[in-house]
Amino acid sequence: MVVFDKPHALADVPMHYCPGCTHGIVHRLVAEVIDELGIEGKTIGIAPVGCSVMAYDYFNCDMIEAAHGRAPAVATGVKRSDPNNIVFTYQGDGDLASIGMAETVHSAARNENITVIFINNAIYGMTGGQMAPTSLPGQVTQTSPYGRDVNACGFPIKVCEMLSQLDGPEYLERVAVNNVKNVKNAKKAIKKAFENQVNNKGFSLVEVVSSCPTNWGLTPKKALEWIDEKMIPYYPLGVYKDRSAE
Amino acid sequence: MAVLTFKTDKCKGCGLCVDACPKGVLALATDKINKKGHHPVEAVNPEACIACAFCATMCPDCIIKVER
């Protein structure tokens, strides 16, 4: 009996991510959910700009590459042109919370019936570890070598908390993928985000607190511990909005 | 009995599976190098495996197949 195998919706190719990068785990969770809901044939994914820019190579469903930050806008067009499609975006913090903040906020405010997977690793990965809108206060990055100074650079943006103030979005949850229990919870959240779209409920965003061992300067194991010690206290896990449950 | 299959050439040697295993089944093969130039994971204590699939759950590159 097979206990665990690669989901069909995940392409059988080597991924370009660094060793220990949790992007691979989240890719797999999305693919597992697509398999379980049986929606691979009508799913269209929107890839971002950032480390996951080549996500279109890793999913077996149709994929579109959006301009930097514009994935929710592209997803809006794809979804509205044929509402039978299941449309998801997969975006990092530089894409969603920085250059794409306007698209994110307005698609949430409009309650577009799309699913957004948001990877928050508190740093710009692809460009070499610069400070992101989500970098923690005091966090050392390439562009904040003495630690993020909140007087000069402002405070990190907590996307789930911010969007939860809007009346629009249907479902907002923050999860992490730093241990087996959190990965299983992340899978449940991602599944719910896709089910909401299948059931025409509206905008669902799952923020996944992830690691970046290379740019944090930690081993893969230490990076997962850093999530527990530093990231989760600043970005508490949980459901921030669930209109169906209210 | 549990059977673990690895796509060894896709392994990046991050060791997250080794840390996730509650039974100490896995280790990085420090005497081997795969196509990508990493020390790949291998089952050093396969008879202790309980097929919990924690290793596969944490593997970012989806290289582990678990059968029971």
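**Notebook: chains A and B**

I began at Lys7(B), which sits in the loop between strand S1 (3–6) and H1 of chain B. Helices here are DSSP runs of H or I with at least four residues, strands are runs of E with at least two, and both are numbered from the N terminus. The model is predicted: local features need pLDDT of at least 70, side-chain atom pairs count only at pLDDT 80 or more, and totals for chains, interfaces and linings use all residues. Residues are numbered from 1 along each chain as its sequence is written, while chains are lettered from A and ligands numbered from 1 in the order in which they are written.

**Entry: Lys7(B)**

The cut-offs I used: buried means 20 or more other C-beta atoms within 10 Å of the residue's own, exposed means 12 or fewer, and partly exposed lies in between, with C-beta atoms placed from the backbone. I then looked at Thr57(B), 50 residues away along the chain from Lys7(B). Their C-alpha atoms are separated by 15 Å.

**Entry: where the chains touch**

I listed the contact between the chains: 22 residues come from chain A and 23 residues from chain B. Contact means C-beta atoms, placed from the backbone, within 7 Å. On the side of chain B that touches chain A, helix H1 (16–20), helix H2 (54–58) and strand S4 (64–67) of chain B each give two or more residues. I sorted that side of chain B by class and found 12 nonpolar, four polar and seven charged residues. Nonpolar covers Ala, Val, Leu, Ile, Met, Phe, Trp, Tyr, Cys and Pro; charged covers Asp, Glu, Lys and Arg; the others, Gly among them, are polar.

**Entry: the sheet shared by both chains**

I traced an open sheet of three strands, in the order S1(A)-S4(B)-S1(B), with antiparallel pairing. S1 of chain A and S1 of chain B stand at the edges with a single partner strand each, so one side of each has no neighbour in the sheet. The twist averages 30° from one strand to the next. Pairing requires at least two DSSP bridges between two strands. Strand S1 (residues 2–4) of chain A pairs with S4(B) over two bridges, in the antiparallel sense. Phe4(A) has Val66(B) as its bridge partner in S4(B). S1(B) and S4(B) are also antiparallel, over four bridges. Here Val3(B) has Glu67(B) as its bridge partner.

**Entry: the sheet of chain A**

I found seven strands in an open sheet, ordered S3-S2-S4-S5-S7-S6-S8 (chain A), with mixed pairing. Strand S3 (62–65) and strand S8 (238–242) of chain A are the edges; each has a single partner strand, so one side of each is left without a neighbour in the sheet. The twist averages 20° from one strand to the next. Strand S2 (residues 43–47) of chain A pairs with S3(A) in the parallel sense, over four bridges. Ile46(A) has Ile64(A) as its bridge partner in S3(A).

**Entry: helix H7(A)**

I checked the length of helix H7 (residues 180–198) of chain A. Its 19 residues should span 27 Å at 1.5 Å a residue, and the end C-alpha atoms are 27 Å apart, which agrees. The expected span is 1.5 Å times one less than the number of residues. H7(A) lies across S4, S5, S6 and S7 of chain A, at about 160° to S6(A). Angles run from 0 to 180 degrees between N-to-C directions, and axes are lines fitted to C-alpha atoms, for helices over the stretch in contact. Buried residues of H7(A) include Val183(A), Ile190(A) and Phe194(A). Their cover includes helix H1 (23–37) of chain A and H2 of chain B. After H7(A) comes Asn200(A), with a positive phi near 60°.

**Entry: H2(A) against H4(A)**

I took helix H2 (residues 71–81) and helix H4 (residues 101–109) of chain A: they pack at about 40°, with axes 7 Å apart. H2(A) and H4(A) are therefore oblique to each other. Under 35 degrees is roughly parallel, over 145 roughly antiparallel, 65 to 115 roughly perpendicular, and the rest oblique. Pro72(A), Ala73(A) and Thr76(A) in H2(A) meet Glu103(A), Thr104(A) and Ser107(A) in H4(A).

Definitions and conventions
Two residues are in contact if their C-beta atoms, placed from the backbone, lie within 7 Å.
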